[in-house]
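Dear colleague,

Please find the sequence and structure below. My notes on what was found follow directly after them.

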Amino acid sequence: MPDHCAFGHGVFGLEWIPVIRQFRDRMNNNKNLIFHCLLPFLVLAACTPADSPAPADETADAVAVINDDAIDLIIEGDYVVAMDDDSNVIADGAVAVDGGLIIAMGTADEINARYTANGHLAGANQIVMPGLINGHSHAAMTLLRGVADDLALLDWPTNYIFPAEVEFVDAEFVRIGTELACWEMIRGGTTTFVDMYYYPEVVAQVVESCGLRAFVSATVIDQRSPDAENATDSIEKGTTFVENWKGRNSRIMPIFGPHANYTLNSEQLAATRAAANDAGVPISIHMSESPFELEYSRQTYGMTSIELFDSIGFLDGPTIGAHVVWPTEEEIAILAEREVGVIHNPSSNMKLASGISPVTDMLNAGVLVGLGTDGAASNNDLDMWEEMRLAAFLQKIDKMNPEVLSASTVLRMATSGGAEAVGLKGKVGVLSVGMQADVIQVSFDDVHFVPTFDVISHLVYVADEQDVASVTVDGKLLMRDGEFLTIDTARVAIEARELAGRIQTALAERNK
Ligand SMILES: [Zn+2]
């Protein structure tokens with residue numbers, strides 16, 4: 001794992017000019033806030049190296065005299081939504097990026113006066129915000145999108161997905177499927193994802209070339225899978241993968257992905273945790289997803305899933321738990337105490353009828369909760385905007401209370417909260433000086449943004465993946481004005497259709 005805090009605020013000795021519009025308790029204070037009528041206001045979070053401090057009251061002079069060399073990129077927007085602890089939103093704002101990091105934030109006028117940049121993204125009708133964090137995916141399953149729908153959770157993997165995977169999934173499948181997924185995630189403004197699939201070295205290579213940030217899991221499962229014979233074999237292969245990729249690329253975190261407690265026994269789960277702790281990497285696992293899993297756990301171990309994990313020391317290390325639909329009150333306390341990052345996947349939970357996760361109860365108990373899409377076979381897309389919307393709606397209908405899980409809380413789950421849940425707090429998920437420059441622009445040009453009374457409301461309740469205009473990860477542009485700069489999308493589409501054709505033919509043959 002990289003040092004998450006290497007670029008924390010403390011390194012830079014920041015000077016925040018206190019002319020900051022704070023949107024804390026926004027909904028309580030002004031339910032009809034009209035953003036476009038706000039007077040422009042200034043926040044200059046200048047990155048001021050120790051040798052060139054810029055005290056707030058001397059900023060005008062500092063701007064006039066500093067003649068920095070050209071920086072990499074300036075990203076402008078009508079509003080810069082920082083997603084920081086103070087919920088700052090900068091009107092007519094800009095983010096200055098250099099060396100992969102955010103080096104300053106402020107009004108566009110201030111930033112443009114202070115810096116010359118080699119790249120420049122205009123801000124008219126654009127919202128600038130942190131890239132989205134998809135905390136649970138099976139990227140290559142984009143190639144199984146729509147193969148088997150409308151089936152029960154156990155029937156679905158056992159009789160359709162697992163056999164299809166054993167038959168069709170190889171390194172080429174994973175390469176094409178992951179490229180397809182990265183294309184879709186970049187299209188939708190996702191900049192970090194946590195993946196669990198086979199041939200993790202292939203996933204890592206695709207992530208490396210497409211420029212996204214990802215936790216890439218070596219899947220551990222006690223059955224013949226596309227890349228291993230059983231649990232022992234998959235742990236051994238996973239260990240080799242983690243050794244090969246740890247520290248190789250700061251954007252790629254190799255981790256272990258034990259599938260679930262019904263596809264691994266307690267010894268195998270404990271062995272996977274031991275391997276992860278030996279390598280110093282986190283674990284991502286499906287956790288308390290379905291009534292079946294709960295019943296299996298009770299019958300096999302005499303306790304529910306999270307109790308089991310805790311009892312065998314499985315939570316003694318960084319853990320990302322996907323789904324967590326059926327935790328007991330006691331288990332929610334365990335999740336909070338163990339700082340397990342919970343990833344809520346509302347689309348998948350609804351489509352597979354897994355249940356409604358008690359997200360608000362977990363948040364109230366101090367559990368770290370992020371959002372994910374799950375694989376495209378159970379969603380069936382990788383649109384994090386839809387996950388935000390559904391997360392809010394599900395809690396409201398579950399509690400029969402429209403006031404629970406507000407838009408701003410859900411936006412946090414997809415950005416800063418998601419970063420915390422996957423262990424990247426202080427590195428991504430927030431726009432502030434010293435953070436990695438994982439930044440997106442969302443275009444507010446389309447008809448569904450007219451009129452815009454409340455930017456946060458529109459981002460959560462209106463936007464979709466087609467509205468994202470630009471995507472930057474580590475200061476590098478991956479998409480600009482809808483054009484993909486790191487993926488040959490025409491080639492990927494041809495390869496994906498060709499491979500899907502072969503799958504379809506084979507399935508038709510098998511079902512004759
Ligand atoms: Zn999953």
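**Backbone and zinc site**

Serine 87 lies in the loop between β3 (71-81) and β4 (89-98); helices (H or I, at least four residues) and strands (E, at least two) are DSSP runs, numbered from the N terminus. Please note that this is a predicted model, in which local features need pLDDT of at least 70 and side-chain atom pairs count only at pLDDT 80 or more, while totals for chains, interfaces and linings use all residues. Residues are numbered from 1 along each chain as its sequence is written, and side-chain values use heavy atoms, with hydrogens and water left out.

Although serine 87 is not a glycine, its phi is positive, at about 55°. The residue is buried, with a relative accessible area of 17% (buried means under 20% relative accessible area, exposed over 50%, partly exposed in between, with a 1.4 Å probe and protein chains only). Aspartate 474, also not a glycine, has a positive phi of about 55°; this residue is placed in the loop between β17 (468-473) and β18 (476-480).

One joins asparagine 379 and asparagine 380, with omega about 10°, and asparagine 380 is in the loop between β15 and α14. Another joins valine 450 and proline 451, with omega about -10°; proline 451 belongs to the loop between β16 (439-443) and α17 (455-461). As background, most residues other than glycine have a negative phi, and most peptide bonds are trans.

The zinc ion is coordinated by His136 (NE2), His138 (NE2), His286 (NE2) and Asp374 (OD), at 2.1 to 2.3 Å. Donors are N, O and S atoms within 2.8 Å of the metal (3.2 Å for Na, K and Ca); water is not among the atoms, so sites may look incomplete. Along the chain, the zinc donors follow the spacing H-x1-H-x147-H-x87-D. Histidine 136 in strand β8 (residues 132-137) and aspartate 374 in the loop between β15 and α14 are 238 residues apart, a pair that links distant parts of the chain. Both histidine 136 and aspartate 374 are buried.

Finally, aspartate 383 is located in the loop between β15 (368-371) and α14 (384-399). Leaving aside neighbours within four places in sequence, aspartate 383 is in contact with Glu184, Thr373, Asp464 and Glu465 (contact means heavy atoms within 4.5 Å).

Yours sincerely
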